[in-house]
Structures are given as structure tokens and as C-alpha cells.
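Here is a short briefing on one protein chain. Look over the fold before reading the points.

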Amino acid sequence: MKQYDVIIIGAGAAGLAAAGELVTRGRRVLVLDMGASPARKVAASGGGKCNITNMAASATRYFGKNPNFVRGALSRVSPTDILQWCERHKLKLYEKEPGRYFCADGADAVVDALGRDAMGADIKFNHNVNNVNKRNDEFIVVANGTEFCSKSIIVATGGISFGTLGVSDTGYKIAKQFGHEIVPVRPALCAMAVPMFGADLAGISIKAEISVGREKIRDDMLFTHFGIGGPAVYRASVRDLSNGITINLCPDCDIFSALKDAKQKNGKRNISTILAEHLPVRIAKYFSHADTRNIADWRDTEIRTIATNINNMHIDTHDIKLHNLQSAEIVRGGVSTDNISSKTMESKICPGLFFVGEVLDIAGDLGGFNLQWAWASGRVAGQNA
């Protein structure tokens, strides 16, 4: 049985970040991964450009039962620290929008940099973890029928979204085995199927405002064949949807006032034409039902209904179906943070057992927040395991 100081299960962003810290500390490290290559989600992120971090990373951009859990790791590994890491590795970055950094050299360059940091670790691919046990103060990990031994284990298996990249619920099983609660997982950062919009709107993208609770998200929204997608919807999907969402398709215009004003000034115009001054033509026709009546012939109650559907359409939770885990970028839910130290990422139940990254009940907003959490939590665990 080969002895290591730390065994890391998962060679993704968080796992490799942890490995880099451990190698620097002179620890004997084994990384086990079920896939054939490292950091597969990193390689696919940001359309191949890797949205590596976001300067706005704070507890307000993370979600779960206790989003404040992220404060400890983010205070120790900030977005500025990640930018400095990129500089050391000579990675060229650019801002797609203020504070949101991508890698101009491509996501593969980020994966290569992670690999260089982890040089010295024993990394084994295509290794499925079959069993984990603890005897006295040591962990015994069985992978592909071989036993490995260590004083500490870092579980960095990620969530169970994006199945084509190779994902596993092994991390959840290990957590449950050692007494940790699993918050039920669901898709997040994904599209939604809703019954309110027809397929004839598919392909239209507009700037919309989606309200989730007290929060208003203004971003691009895309109509799809099954419902809605795009950044605004992805961002809404990671939040608490228990009270549904409210969509404003024209946030810069009070449609009721615009229609009333048109009715008073030029009653011979039809409502589709007036709406088309503020919305794409297909959307204008959709909400007016292509009615050709002069606006002067419309009752105010009819106008109010159309305006409400455009400016204030509420969609109840039971009418929202999140797109499946296969296409979701992340999951919401995972290993409860209740019994994890926010300062070290170590289990409060089982000393020597650490959890990092997406396997935890921490889900970040769209825009580099999930990778920042992976870097931060991984490094912190690597500094303490």
C-alpha cells in the first residue's frame, strides 16, 4: 500500500489548486481522477476562454443554505491573488466587462498552468474511487482495486452537472459515509422551460430585467424553442425560485403609459406598430396577437393587460422547469457547509477530511464566481491539509 500525506479526489480546478499548494509545502500528494484529462470544466469554460475570476466576488454573489460560508476562503484568496497568479504564469487576460476576466491565451493555457503548479504530485487519471475508509488516524482509499493511504483527504469531485465532461456523485457518497448532510441538488446556471412564450419567438434576444425576490437582474435574455435562456435567465436560475420570477421585457419603458399616450395622440395606429417602437417586431405581434384594430378602439383594461404581460409578467415556481443537469453549468446544493470549517475547509466531524469547490452547497453567480470559489477553497484546503 503506497503512503501519501494527502490524497485529492478530483483533478478539477479546486483539486489542482489544492495540489499546487501542497506541492509547494513539500507534501507527498496523490490526485485521483475518474476522467482521462485534468480540469475538463476549466477547459470548456467561458467558451474556451475561461472566465477565470471576477473582482466582484463576495458573499452576495454566492447561493446555498449559508452563502456567508465563502467569506473565509475569499478573504484568504481574493480575485487579486488570482490575477497575480496569472501574471506569474504569463497568462494574458482581458476584461469582457469591468472586473470580469477571461484568458486571451485560451482555457487550455489555464489548465497547463494548473498542471505546472501540481508537478511533483502523483496524478492518476481514469481511476474510479471504489471505497474510502478511516483506520485510526489514516484514510484508506481504494481506486481501481488498488489501496492508497494518507493522513488527509481532499474531496474535490465537483457537482453532477455537465455530464458529458465526466462527473460523479462520489463526493456526496463520501460525505454521507462520514456523517455529512447532503443538500438536495438541482440544476443551476441553466435555461428554463416555461409555458408563457411560444416557439415562434425562438432566437430573439433582448435586454430584460428578471426579479427574483427583491433582487433585479438586468441582462440579455434569449427566447428558445422550449422557453427562455441567456445570461439573465442563467443568473436567475441559481437563486431561490420558491416564489417564482417576474420578467420585465422592456425595463426602460412603461408600456402602459406609452400605449395610453399613443391612444390619445394618434388613435388610428395599431398596437403592434406602437409596441414595435420599443420591442422586436415579432414580440410586438406576439403580445398584441397581431390585432389590427386602431388603438383608439382598445379599452384601457385591454391595454393594461398587454402592458402587464410585457412589464410585469410573473411566472410561478410550478410553471418553471429548469433545464436538466446534462446542460446545466453547475448545481445548487451539495455537501452542507454546517459541519465544515470555513477557515480550513476541514470537516468538523472527521478530522483530516476536506471538501472544496462545487461539491459543497455553494453555487456562484454567472461570470467567473464559481472558478474563483474553486481557486479559493482549493488553495485554503491545500494550505491546511
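In what order do the seven strands of the open sheet lie? The order is E17-E16-E13-E14-E15-E12-E18, with antiparallel pairing. The model is predicted, and every value below is computed from it.

**Overall picture**
- The chain holds 12 helices and 21 strands.
- Its C-alpha trace spans about 85 × 40 × 35 Å along the principal axes.
- Of the 385 residues, 54% are buried.
- Contacts with a separation of 6 or more are counted here; 72% of them join residues 24 or more positions apart.
- The accessible surface is about 16,400 Å². Carbon and sulfur atoms account for 48% of that surface.

- Strand E17 (313-315) and strand E18 (321-322) stand at the edges. Each has a single partner strand, so one side of each has no neighbour in the sheet.
- Strand E13 (residues 205-212) runs antiparallel to strand E14 (residues 215-223). Eight bridges join the two.
- Ser211 has Lys216 in E14 as its bridge partner.
- Helix H11 (residues 300-311) packs on this sheet. H11 touches strand E16 (245-248) and E17. The direction of H11 makes about 110 degrees with that of E16.

**The hairpin of E5 and E6**
- Strand E5 (residues 93-97) pairs with strand E6 (residues 100-103) through four bridges, in the antiparallel sense.
- Glu95 faces Tyr101 of E6 across the pair.
- Two residues lie between the strands of this hairpin. Gly99 has a positive phi there, near 85 degrees.

**Helix H1**
- H1 is mostly covered, with 10 of its 12 residues buried. Among them are Ala13, Gly15, Leu16, Ala18, Ala19, Glu21 and Leu22.
- After H1 comes Gly26, with a positive phi near 80 degrees.

**Nonpolar cores**
- In soluble globular proteins, nonpolar side chains tend to be buried together.
- The largest nonpolar core in this chain has 79 residues. Ile8, Ile154, Met345 and Trp375 touch the most other members.
- Which helix gives the most to this core? Helix H12 (residues 369-384) does, with eight residues.
- Another core, of 46 residues, lies apart from the largest one. Its members include Ile206, Cys253, Leu279 and Ile295.
- Leaving out residues up to four places away in sequence, Ile8 touches Gly15, Ala18, Ala19 and Leu22, among others. Further contacts of Ile8 include Val29, Leu30, Val31 and Leu32. Ile154 and Ala156 also touch Ile8.

**Lys268**
- Lys268 sits in the loop between helix H8 (255-265) and helix H9 (271-275).
- Is Lys268 buried or exposed? Lys268 counts as exposed, because its relative accessibility is 71% and the cut-off for exposed is over 50%.
- Asn294 is 26 residues from Lys268 along the chain. Their C-alpha atoms are separated by 4.8 Å.

Definitions and conventions
Residues are numbered from 1 along each chain as its sequence is written. This is a predicted model: local features need pLDDT of at least 70, side-chain atom pairs count only at pLDDT 80 or more; totals for chains, interfaces and linings use all residues. Side-chain values use heavy atoms; hydrogens and water are left out. Buried means under 20% relative accessible area, exposed over 50%, partly exposed in between (1.4 Å probe, protein chains only). Two strands pair if DSSP finds at least two bridges between them. Contact means heavy atoms within 4.5 Å. Axes are lines fitted to C-alpha atoms, for helices over the stretch in contact, and angles run from 0 to 180 degrees between N-to-C directions. A nonpolar core is a set of buried Ala, Val, Leu, Ile, Met, Phe, Trp, Tyr and Cys residues joined through side-chain atoms within 4.5 Å. Accessible areas come from the Shrake-Rupley method with a 1.4 Å probe; for residues, only the protein chains shown count as cover.
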